[in-house]
Amino acid sequence: MSLQQLNSNQFEEIIYDNAEACLVMFSRKDCHVCKQVAPMLEEMKPQYEGKFGFYYVDVEEDKNLFQRFSLKGVPQVLFFNDGEYQGKLAGKVEEEGIEEKIAEVLGA
């Protein structure tokens with residue numbers, strides 16, 4: 001997966017310290033829907049280079065992050081900007097839905 005994996009420390013740094021505009025996909029290695037969503041996000045990533053970050057968290061490796069946001073099931077795509085939670089999309093998300101949410105987060 002070409003999306004950068006975040007652990008708890010990296011998550012804190014990118015989301016809160018750097019206040020980066022980004023999305024974070026919470027996924028699991030054995031999740032079939034996650035395996036469909038991840039390649040779509042990887043394809044979208046280059047067009048937002050330098051403007052919007054694309055990351056993921058493996059919920060089995062970082063259960064505390066998953067629990068911190070009271071998430072139920074995977075995949076969950078959470079959006080952040082300026083250190084603030086901006087909402088989420090769950091399940092088999094469509095590219096159009098992701099693009100609309102990114103535009104909303106960036107205030108476009």
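Colleague: Where is the place of Ala19?

Modeller: In the loop between α1 and β2. Keep in mind that this is a predicted model.

Colleague: What about phi of Ala19, positive or negative?

Modeller: Positive, about 50°, although Ala19 is not a glycine. Most residues other than glycine have a negative phi.

Colleague: And how does Ala19 count by relative accessibility?

Modeller: Ala19 counts as partly exposed, because its relative accessibility is 24%.

Colleague: Moving on to Asp82. What is its phi?

Modeller: Near 55°, again a positive value in a residue other than glycine. Asp82 sits in the loop between β4 and β5 (84-90).

Colleague: Is Asp82 buried or exposed?

Modeller: Exposed, with a relative accessible area of 56%.

Colleague: New topic. Which residues does a cis peptide bond join?

Modeller: Val74 and Pro75, with omega at about -5°. Pro75 lies in the loop between α3 and β4. Most peptide bonds are trans.

Colleague: Now the largest nonpolar core. How many residues are in it?

Modeller: There are 38. Phe11, Val24, Phe26, Leu41 and Ile98 touch the most other members.

Colleague: Which elements give two or more residues to this core?

Modeller: The helices are α1 (8-17), α2 (32-44), α3 (63-68) and α4 (95-106). The strands are β2 (22-27), β3 (53-58) and β4 (76-81).

Colleague: Which one gives the largest share?

Modeller: That is α2, with six residues.

Colleague: Back to Phe11. What does Phe11 touch?

Modeller: Leaving out residues up to four places away in sequence, Phe11 touches several, including Val24, Phe26, Val57, Leu65 and Phe80. Arg68 is also one of its contacts.

Technical notes. Residues numbered from 1 in each chain as written. Predicted model: local features only at pLDDT ≥ 70, side-chain atom pairs only at ≥ 80, totals over all residues. Heavy atoms only, no water. Core = buried A, V, L, I, M, F, W, Y, C linked by side-chain atoms within 4.5 Å. Buried < 20%, exposed > 50% of the residue type's maximum accessible area, 1.4 Å probe, protein only. Helix = DSSP H or I, 4+ residues; strand = E, 2+ residues; numbered from the N terminus. Contact = heavy atoms within 4.5 Å.
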